[in-house]
Amino acid sequence: MVTTLSNRVLKGYLVPPRLPDSRSGLVIDTHELSRRAGVLKEITQVAQAPADLGIEVIGVPLGSPIELSLRLESVVEGVLVTGTAMVRLQGSCARCLDEISETEEFDLQELYCYPGKELDDPEASRIEGELIDLEPVLRDAVVLDLPFTPLCRPDCAGLCPECGANLNQDPDHGHAEPIDPRWAELTEWAQPSNDTKNKE
């Protein structure tokens, strides 16, 4: 027996599934679809971003708005959800460490199975009661598509490896060529001594 949210057994007793929180903007009620194949429903709404929606260097701030534009279609196996999620990303440039703040749109597509019509895939998404939870699908779409080395711009010049200056702000920034340590003592001959300065 495959253990799912809809089918969990503990010490021989069937454990009722824990339904998604219907108050969440990422939880959609499918009651209007009535399990009739071919019935469509379009939804446009704003949800709040859950925690940890991103990776260490860039992600969606907790509680920031997520604009959802969805199409729900009732099929034989369940409900097919397609649409987009518009989110605000914040992070740091991997080269110059400047803050990154931009809006990004992610595509969503997932089939949510009706109870009793589970597919062979044990990881398939399922309808709990009449509710579908978009958070796992949204998390996969966003996190898997985020860059591991986000840049403020494609040609970011980064920081000076010697002093840490931002090379984007000062493209002509540079340092004198380092003196070969074998010749370092000879540079003292080129500098006037204190006695010479006093005579002048």
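Contact means heavy atoms within 4.5 Å.

**Ground rules.** I number residues from 1 along each chain as its sequence is written, and side-chain values use heavy atoms, with hydrogens and water left out. As this is a predicted model, local features need pLDDT of at least 70 and side-chain atom pairs count only at pLDDT 80 or more, while totals for chains, interfaces and linings use all residues.

**Whole chain.** Residues 24 or more positions apart account for 55% of them. Next I listed the secondary structure: 3 helices and 11 strands. Helices (H or I, at least four residues) and strands (E, at least two) are DSSP runs, numbered from the N terminus. The order along the sequence is β-β-β-β-β-β-β-β-β-β-β-α-α-α.

I then checked burial. Buried means under 20% relative accessible area, exposed over 50%, and partly exposed in between, with a 1.4 Å probe and protein chains only. Of the 200 residues, 30% count as buried. The accessible surface comes to about 13,600 Å², and 50% of it belongs to carbon and sulfur atoms. These areas come from the Shrake-Rupley method with a 1.4 Å probe; for residues, only the protein chains shown count as cover.

**Helix α1.** I went to residues 135-143. Which residues of α1 are buried? I found Val137, Leu138, Ala141 and Val142. They sit on the same side of α1, because they cover an arc of only 125° around the axis. The arc is that of the directions from the helix axis to the C-beta atoms. The cover over these buried residues includes β7 (65-74), β8 (78-92), β9 (99-113) and β10 (125-126).

**Strand pairing.** Two strands pair if DSSP finds at least two bridges between them. I traced β8 to β9: they run antiparallel, joined by 15 bridges. Ala85 has Phe106 in β9 as its bridge partner. The hairpin of β8 and β9 has 6 residues between the strands, and there Leu97 takes a positive phi near 70°. β9 and β10 run parallel, with 2 bridges.

**Ser125.** I ended in strand β10, where Ser125 lies. Tyr112 stands opposite Ser125. Is Ser125 buried or exposed? Ser125 counts as buried because its relative accessibility is 15%. Beyond its neighbours within four places in sequence, Ser125 is in contact with Glu110, Leu111, Tyr112, Cys113 and Val137. Val137 is one of the buried residues of α1. The side chains of Ser125 and Glu110 make a polar contact at 2.7 Å. A polar contact is a pair of N or O atoms within 3.5 Å; within protein, one must be able to donate a hydrogen and the other to accept it, and residues adjacent in sequence count only if both atoms are side-chain atoms.
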